[in-house]
Amino acid sequence: MSNSLPTEFADLERFVPWALPTEDARMRKRLASSMVELTDYYRTLLPRMEALAEHLAKFSIDAMPEPQKPLLYLGLMFMEAAVCVELFKGPDVLESLGAEHIEVMSETMERRLLAS
């Protein structure tokens, strides 16, 4: 996977470590992050999500070019952060069995992206 983003998204470069290719890795990143970090991520990406989605719509998910994958993964990670900021008000759901007890199975799409 590339270590940088397309030029038009260079302002998001500091979040490349958040561009994780699997649901399990993204969930674990969410759980290991503070609300300050998750809120910063959310607030930074929120105004860029429409442009990010429009950019990625130019490519087939089945043949996503390698340089675009980190951007896709940042968008997926945004969804992890959004639910924490908007609903949970924390990295995990309060008063529930912790997410660390969940075993996330690899998704078909993730397998295809990782294989390409």
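A nonpolar core is a set of buried Ala, Val, Leu, Ile, Met, Phe, Trp, Tyr and Cys residues joined through side-chain atoms within 4.5 Å. Buried means under 20% relative accessible area, with exposed over 50% and partly exposed in between (1.4 Å probe, protein chains only). This is a predicted model, in which local features need pLDDT of at least 70 and side-chain atom pairs count only at pLDDT 80 or more, while totals for chains, interfaces and linings use all residues. Residues are numbered from 1 along each chain as its sequence is written, and side-chain values use heavy atoms, leaving out hydrogens and water.

**Overall make-up**

- The protein chain has five helices and zero strands; helices (H or I, at least four residues) and strands (E, at least two) are DSSP runs, numbered from the N terminus.
- Of its 116 residues, 39% count as buried.
- Contact means heavy atoms within 4.5 Å. Among contacts between residues at least 6 apart in sequence, 77% join residues at least 24 apart.

**The largest nonpolar core**

- This core holds 25 residues, and Trp 18, Tyr 41, Leu 45, Leu 74 and Phe 78 touch the most other members.
- Two or more residues come from each of α2 (35-45), α3 (49-56) and α4 (69-88).
- The most come from α4, which gives 10 residues.
- Beyond its neighbours within four places in sequence, Trp 18 is in contact with Lys 29, Ser 33, Glu 37, Leu 38, Tyr 41, Tyr 73, Leu 74 and Met 77.

- In α1 (residues 23-32), the buried residues are Arg 26, Met 27 and Arg 30.
- Seen down the axis of α1, they fall within an arc of 100°, so they line one face of the helix. The arc is that of the directions from the helix axis to the C-beta atoms.
- α1 and α4 pack at an angle of about 40°, their axes 10 Å apart. Axes are lines fitted to C-alpha atoms, for helices over the stretch in contact, and angles run from 0 to 180 degrees between N-to-C directions.
- That angle makes α1 oblique to α4. Under 35 degrees counts as roughly parallel, over 145 as roughly antiparallel, 65 to 115 as roughly perpendicular and the rest as oblique.
- On the α1 side, Glu 23, Arg 26, Met 27, Lys 29 and Arg 30 meet Tyr 73, Leu 76, Met 77, Glu 80, Cys 84 and Phe 88 of α4.

**Helix α3 on α4**

- α3 and α4 pack at about 135°, with axes 10 Å apart.
- This makes α3 oblique to α4.
- Met 49, Leu 52, His 55 and Leu 56 of α3 make the contact with Leu 71, Leu 72, Gly 75 and Phe 78 of α4.
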